[in-house]
Every structure is written in C-alpha cells, then in structure tokens.
Amino acid sequence: MTLVRGHIVTDEGVLENGTVRLDAGRIVEVSASSAGAVDVDLQGGWVVPGFIDLHCHGGFGGDFMDATIEAYETITGFHGRHGTTTMLATTVTATKPDIDAVLRATAAYRDAASPRGARLLGVHLEGPFISPKWPGAQNPARIVPPNAEWLQDWATAYPGLIKQLTLAPETEGALGLIRALRELGIIAAAGHTDATYDQLVDAVDAGLNQAVHTFNAMTPLHHRNPGVVGAVLTDARIVAEVIADGVHVHPAAVKLLTQTKTAGNLVLITDAMAAAGLGDGQYSLGGLDVTVRGGVARLTHGDSLAGSTLTMIEAFRFVVRRVGLSVPEASRLASANAAKQLGLEDELGAIRAGAAADLVLLTPELDIVRVYRDGAEIG
C-alpha cells in the first residue's frame, strides 16, 4: 500500500493537496483529504497520470529496430524514468523481414516484461507504405505500395499487437488498407504524405483517424490549397500528434493546434530516436546516418530532421512553459487523449479508483520525483 499527497489531476479537476492510495497495481482511492501520514508528500507538487507515447523509435542507445530484448529494456527503462508508463514500439520504413523481427521481439518482450520500465503495449508501424516525395528520415529505398497481404500476415501471426500504422493515404490501394486496418481495430494514421486536402478527407471517411507528427512530412497549409495540415486543423475526427520540442514545430504552431484540436484529439509524442539521453554525436536511424548537434537530430547526408531526442516530460514542460497550457491541460495531451485513442481510457491515462496505478509525481517546478507503473516505482 502506497499513499501519495499532492495536487492530483483527475477527470473532474484538481484536488489540491489530495491523496492517492495505490495497492496491488491499481489506484484504490482518490481523496480530497490531506490529513494523516503519507508515504510521499510532494509539498505542493503534482500527481498526474503516467504519460503515453504513441510514437517513439528508441532512446539511450537502443532502437526498436534492433529487435532485441536488451534494446527494449534499455528504451523502456530510459523513457520510463522520464515519465512514460505506456508506449508503442515504432518502426521505420524497412523490409518485411526486418519488420517481422520487430513484431516478434515486441510480442516476446510484452509478454515477459516486468514493471521495470514503461509498458510496451504494442507496435506502431511507421511505413513502409509512405510517399517517396516526403520520406523525411525514412529510407526511400524501402518504400513500397500498400500491401494488404503483409497486413493480413502480421495480423494473423500477432493478433492485437499492431496498434497503429502510418501510411500515405493518397497512394494506390491505401483506402482499402485503411478500411482493413479499422476492421482490425488498428489506428490508421497519415504521415510522410503528399495528399491533397480532399484526399485526406476521403481517407478519413474510409477510417483514417490520426495524423503523424503534424506539420512535419506532409503537405502544408495554403489558403487556396489547404493540404493535409488544413484537414488536420479543421476535421475533429483526426487526432493530431505533435512533437513539442520547439525544433520540429514552432511554439506558435503548437499553440494553434491546442486552439483548434479541442475535442480530446491532440496528443504529445516524442518521435525519439536512439540518441535521446546520450547527447551529441553520430547515430543511425533505419540504416541512415544521423548527426545530433545541440540536441537536434538530422540526417548526416541531407538536412531532414531525424526524429528527436525528446522525452515526454520535456514535451510536457514545453507546452506548459512555452505554449501556456495549465498542468491539467498538458496532462490530457500527454496521457488521457492517447488512452482514449487507444480505446483504453477506462484503464489508462486517468487518476481514478480502479485504473492502473500509473503515475508521475512532480515538484511544483515540474521536475520528476517518482514514476509508478502498475504501482511499482520505475527507477
């Protein structure tokens, strides 16, 4: 039994100096009472739901494409210590055998892992069905048209493991694949796409309901040609991811998203690569050379941004300090909205009795004190 006191962010609002009681991996009580002894007193700090990262490639030297238990322990441990309690193993555009290896390794890790790090819920396939016009830091040589047979193979071999698939919805066969994804309960997301506004709306009508790293690697907004960005900003059915690091997206553009995506349809992501947590130097992403300088990752041969070195706590602090959101508002972007998109809002992303005991404990200055996943401290 663990009892924590602080400003608790709940569905109904903030309980100032309330308490949360954890037992057997669950939240068993949330109370406005501040009387009595507790195990952790945050002295005016915050208790928020554990962060959920739908788009992360790696961290602290590990890459999900490594497809090893050791790499996955490294990644989930690193991001767990930085507030992420649930995440998706995100691939890059690669060959089918390489993607098969990630699915196999993720299934094995998910079934065997203890609460030492972030919960690896499943896989986000970013590619290989993307546009060669917008490869970003994806390997153009590995881009292929949408392949329904591959999807069926993966879904049969690993039922329920794929949670999200990113594709270019304007490519031939994409609409049929989107319908198949939705029938399988998989999030269909637009990314690395040359789609027009109308093509994107057609894809949403077919079941697409997410936009990957909004503003990046997609057709931009123009007042006579609104593009993918225009559709994302104006269609409430689309959940928008955003990399809130001040590099991928200007703070003003992040603020625009917060003002237009107000129906629980904006989520913070890291898009972190292996360099996260390690500093400047030379790295690799999907077989492409990456140089990190000043914390910014770019392809060594070219100028494309190559993922980020971001953590979820840094994204959380960014939208509070640079965009002007309140802590409860930032919490929804970091936790509740992603849980809803995954269909897990009754289990994750909230501080309420019966939910998983996934918590991030913060000082008043938003520094991490402790992170709990299933009631066990990640250290």
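The crossing of helices α2 and α3 is right-handed; a crossing has that hand if the near helix is turned clockwise from the far one by less than a right angle, and is left-handed if anticlockwise. The model is predicted: local features need pLDDT of at least 70, side-chain atom pairs count only at pLDDT 80 or more, and totals for chains, interfaces and linings use all residues. Residues are numbered from 1 along each chain as its sequence is written, and side-chain values use heavy atoms, with hydrogens and water left out.

α2 covers residues 96-112 and α3 residues 148-157. Helices (H or I, at least four residues) and strands (E, at least two) are DSSP runs, numbered from the N terminus. The α2 and α3 axes lie 11 Å apart, at an angle of about 20°. Axes are lines fitted to C-alpha atoms, for helices over the stretch in contact, and angles run from 0 to 180 degrees between N-to-C directions. The two helices are therefore roughly parallel.

From α2, Lys96, Ile99, Asp100 and Leu103 meet Trp150, Asp153 and Trp154 of α3. Contact means heavy atoms within 4.5 Å. By class, this contact holds 4 nonpolar, no polar and 3 charged residues. Ala, Val, Leu, Ile, Met, Phe, Trp, Tyr, Cys and Pro count as nonpolar, Asp, Glu, Lys and Arg as charged, and the others, Gly among them, as polar.

Here are the helix pairs in brief.

| Pair | Axis distance | Angle |
|---|---|---|
| α2 and α3 | 11 Å | about 20° |
| α4 and α5 | 9 Å | about 30° |
| α8 and α9 | within 9 Å | roughly 140° |

α4 (residues 174-183) packs on α5 (residues 197-206). Their crossing is right-handed. Leu175, Ile178, Arg179 and Arg182 of α4 contact Asp202, Ala203 and Ala206 of α5. That contact divides into 4 nonpolar, no polar and 3 charged residues.

The axes of α8 (residues 312-321) and α9 (residues 327-341) cross at roughly 140°. That makes α8 oblique to α9. The crossing is right-handed. Met312, Phe316, Val319 and Val320 of α8 make the contact with Val327, Ala330, Ser331 and Ala334 of α9. Its residues are 7 nonpolar, 1 polar and no charged.

Now the sheet. Seven strands form an open sheet with mixed pairing, in the order β3-β2-β1-β4-β18-β19-β20. Two strands pair if DSSP finds at least two bridges between them. β3 (26-31) and β20 (376-377) are the edge strands, each pairing on one side only. β2 (residues 14-23) is antiparallel to β3, with 5 bridges. Asp23 stands opposite Arg26 in β3. Helix α9 packs on this sheet, touching β1 (2-9), β2 and β4 (40-49). The direction of α9 makes about 45° with that of β4.

Elsewhere, β15 (residues 281-285) and β16 (residues 288-293) run antiparallel, joined by 5 bridges. Gly281 has Val292 of β16 as its bridge partner. The hairpin has 2 residues between the strands, and Gly286 there takes a positive phi near 60°.

Overall, the chain has 9 helices and 20 strands. Its radius of gyration is 20 Å, close to the 21 Å that the globule rule gives for 379 residues, so the chain is as compact as a globular protein of that length. The radius is taken over C-alpha atoms, and the rule is 2.2 Å times the number of residues to the power 0.38. Along the principal axes, the C-alpha atoms fill a box of roughly 65 × 45 × 45 Å.

Methods
Angles under 35 degrees count as roughly parallel, over 145 as roughly antiparallel, 65 to 115 as roughly perpendicular and the rest as oblique.
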